[in-house]
Amino acid sequence: MNIKTKFNEELLIGLERQPTKKAVLLFSGGIDSTAAGILLKEKGYRVFPLFIDYGQSSLAAEQLVVNKIAIKLGFEPVRVITTELLKQLTKSNLLGKEAVDDSQAWVPGRNTLFMIIAGIFAKQVDADGVCIGYMLDDNFVFGDNDYFHHKNVEQLLSKSFLQPMEVFMPIVSYRKKDLVTLLMEKGLLSDTVSCWNAKVVRGKVVSCGSCANCLERNSLLVVK
Ligand SMILES: [Zn+2]
């Protein structure tokens, strides 16, 4: 009759669990996830970066920078997960074609899926939760990138694993310009990639200069 008590046993173990000060970071090598990782590390967490290869147009450029940034910031080695799921299921321009504005770059359910994947990885490495580079300017753009979405995922992961599983949002109160300033201070801004269509040419990242992310990044740099 063990099977009927397993839930309660697992839940009690989960509730008694002591925090390990480890956290899985959804890491793309962009400004937001890099800044989130910096703040998480400054709060004393061991950062386990998770890079997801889902067939994004800027894959090669992102892969080039994530390892470099992780080493500079003293993160754990970057864990790479490859999934064809989104390419098989959706038609977003972000998946291998050129994306110019938010509507072309939207991949339905991407953040939800990635947070679940990060949660599974977090469970494997006994981390206290998952961290996402969500900040103020993200509001009202995509349904799966807002505070309440992420809080719902926190509940879902905790329920699924029968233990507290936090969703860390260290840059929740930041705006993009604040993050640019933070990365400039750390000397890391030029290592990050923002462009949806970034390519690698002769070992260097080349941005398109015309997508919404490039325009935003360039406008912030001009202000500086
Ligand atoms: Zn671009």
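Author: Let's start with a definition: two residues count as in contact if their C-beta atoms, placed from the backbone, lie within 7 Å. With that in hand, among contacts in the chain between residues at least 6 apart in sequence, 71% join residues at least 24 apart. Bear in mind that this is a predicted model.

A quick look at the whole chain before zooming in. It has nine helices and seven strands, and 37% of its 224 residues are buried. A compact globule with 224 residues would have a radius of gyration near 17 Å, and the 18 Å of the chain agrees with that. Along the principal axes, the C-alpha atoms fill a box of roughly 65 × 40 × 35 Å.

Five strands make an open sheet with parallel pairing, and the order is 3-2-1-4-5. Strand 3 (79-82) and strand 5 (166-168) sit at the edges with a single partner strand each, so each has one side left without a neighbour in the sheet. From one strand to the next, the twist averages 30 degrees. As a reminder, strands of a sheet pair through backbone hydrogen bonds.

Four of its five residues are buried, so strand 1 is largely enclosed by the rest of the structure. Strand 1 runs parallel to strand 2 (residues 46-53), and five bridges join the two.

Setting aside neighbours within four places in sequence, L50 is in contact with V24, L25, L26, F27, R79, I81, A118 and F121. L50 also turns up in the largest nonpolar core, which has 55 residues: A23, V24, L25, L26, L50, V130 and C131 are the ones that touch the most other members.

V130 leads us over to the other end of the sheet order. Strand 4 (residues 129-131) pairs with strand 5 in the parallel sense over three bridges, and V130 has V167 of strand 5 as its bridge partner.

Just after helix 8, G187 takes a positive phi of about 70 degrees.

Terms used
Residues numbered from 1 in each chain as written. Predicted model: local features only at pLDDT ≥ 70, side-chain atom pairs only at ≥ 80, totals over all residues. Rg over C-alpha atoms; globule rule 2.2 N^0.38 Å. Buried ≥ 20, exposed ≤ 12 C-beta atoms within 10 Å, placed from the backbone. Pairing = 2+ DSSP bridges. Axes fitted to C-alpha atoms, helices over the stretch in contact; angles between N-to-C directions. Core = buried A, V, L, I, M, F, W, Y, C linked by C-beta atoms within 7 Å.
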